[in-house]
Amino acid sequence: MPDLRFEDVSITYRTAGGGVRGEIAAVRGVDLTLPAGGTLGIAGESGSGKSTLAMSVLRLLPGNAQLTGRVMVGDTDVTELSFGELRALRWADASIVFQGAMHSLNPVRTVGQQILEALELHVADGWKTEAARRERVTELLRAVDLPPLKADSYPHELSGGQKQRIMIAMALACEPEIIIADEPTTALDVIVQQQILEMISRLVTERGISLLMISHDLSVLASACRRIAIMRGGEVVEVGDALEVCTRGQHPYTRQLADAFPTIGDPASRRNPVTRRTRSDAASDPQQSPMTDEVLLEARGLSVTFHSRTKSARAVKDVDLVVRRG
Ligand code: ATP
Ligand code: MG
């Protein structure tokens, strides 16, 4: 099983905005190692170069990007691979779950067909026959905690969290040695985020896969990774044991990041907490507009069921809800 090493990696984008040519140094002199079977998180603010670094592993950078240094998967320098060799590396050695990947599902094909396609791209010995591949799709859906029946669903019939699970099933399809997860839970609610992170942690541990996980949220990384690197302005400013970095980070920027993100598992400190405000709270707080009796939205016993030609799915069941002004 290979490790993944970034050796003095710098990546520059050439830009030509408004007719003015320029260069953006997105990644600058990065040295990082993900040991075989290990977990490494990369945190950093928006634009700090996290996705750019991740894309370099599978050479998915756009044409205006220029890379110097070496990206090693085991003894292989990815930057020197031919196109054919690179295709062999993708999916089978390393696969990636992108930022907002669920939006890249094909809307007119069932998710089962799309997982099959990922398998067919790389017909490894075990899945040469159609029957073996179908069985593999069922196994993958179970692995990501989805009922096998969901194989027949189209993307629009699934929730965001379910779609992201499908993307993870696709990434697992060819039994990669390394999974790169770039903001795998952005845009999902906190509970679903946590379920998916726990699932990723479980899968990589069970299958001995190495995980490179990227997020701007330190608490997300701390729950899935043993080591964490902090990027700022394209550079790694700190790297170490996850807990050490989160609780005793040395770099002032790490402290800022840690303070900005409360722990995901701690309900008392969730971001955007949904607080219940009572009438007496409102009355005792002169800054707030008082709660009135005016009902803005009311639902009683609300149920919503989606029907397609072949099946039905209940999305909302017996919900009572009243929203009053204030
Ligand atoms: P986020 O948390 O928002 O996803 P990030 O850390 O992943 O941010 P990158 O997407 O790697 O950041 O971008 C790093 C820098 O490179 C940014 O300044 C960005 O504007 C620039 N950049 C990214 N892609 C391109 C591109 N195709 N062409 C030119 N510049 C780019
Ligand atoms: Mg990014």
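1. Before anything else, a word on contacts: two residues are in contact here when they have heavy atoms within 4.5 Å of each other. Keep in mind, too, that this is a predicted model. With that in place, take Thr39, in strand 3 (residues 39-44). Leaving aside neighbours within four places in sequence, Thr39 is in contact with Leu34, Val204, Leu211, Ala224, Cys225, Arg226 and Arg227. Thr39 has a relative accessible area of 14%, and since buried means under 20%, Thr39 counts as buried.

2. Glu45 lies in the loop between strand 3 and helix 1, while Arg232 belongs to strand 9 (residues 227-232). Their side chains meet in a salt bridge, 3.9 Å from N to O, so this pair ties together parts that are 187 residues apart in sequence. Both ends are partly exposed: Glu45 has a relative accessible area of 35%, and Arg232 comes in at 36%.

3. Four strands make an open sheet in the order 2-1-4-5, with antiparallel pairing. Strand 2 (22-34) and strand 5 (76-77) are the edges, each pairing on one side only. Inside the sheet, strand 1 (residues 4-15) and strand 4 (residues 65-73) run antiparallel and are joined by eight bridges. Helix 1 (residues 50-57) lies across strand 1, strand 2 and strand 4, at about 115° to strand 1.

4. Nonpolar side chains tend to be buried together in soluble globular proteins. Here the largest nonpolar core has 52 residues, and Ile166, Ile168 and Met213 touch the most other members. Helix 5 (residues 160-172) supplies the largest share, seven residues. Apart from this core lies another, of 32 residues, with Val9, Leu32, Ala65 and Val78 among them. For a closer look at Ile168, its contacts beyond four places in sequence are Val97, Val144, Ile196, Met199, Ile200 and Leu203.

5. What does Met102 touch, not counting residues up to four places away in sequence? The list is Gly160, Lys163, Gln164, Met167 and Leu188. Met102 and Lys163 are 61 residues apart in sequence, but their C-alpha atoms are 5.4 Å apart in space.

6. Finally, the other charged pairs. The structure holds 13 salt bridges, and Glu130 takes part in a bridge with Arg133 (3.7 Å, N to O) as well as one with Arg134, where the closest N and O atoms are 3.1 Å apart. Glu130 and Arg133 are three residues apart in helix 4 (residues 130-143), so about one helical turn separates them. Arg134 and Glu130 are four residues apart in that helix, again about one turn. Which of these side chains' residues are buried, and which partly exposed? Arg133 is buried at 10% relative accessible area, whereas Glu130 is partly exposed at 39% and Arg134 is partly exposed at 48%. Elsewhere, Asp3, Arg5, Glu7 and Arg70 are linked in a salt-bridge network.

Definitions and conventions: Residues numbered from 1 in each chain as written. Chains lettered and ligands numbered in written order. Predicted model: local features only at pLDDT ≥ 70, side-chain atom pairs only at ≥ 80, totals over all residues. Heavy atoms only, no water. Pairing = 2+ DSSP bridges. Helix = DSSP H or I, 4+ residues; strand = E, 2+ residues; numbered from the N terminus. Axes fitted to C-alpha atoms, helices over the stretch in contact; angles between N-to-C directions. Core = buried A, V, L, I, M, F, W, Y, C linked by side-chain atoms within 4.5 Å. Buried < 20%, exposed > 50% of the residue type's maximum accessible area, 1.4 Å probe, protein only. Salt bridge = Lys/Arg side-chain N within 4 Å of Asp/Glu carboxyl O.
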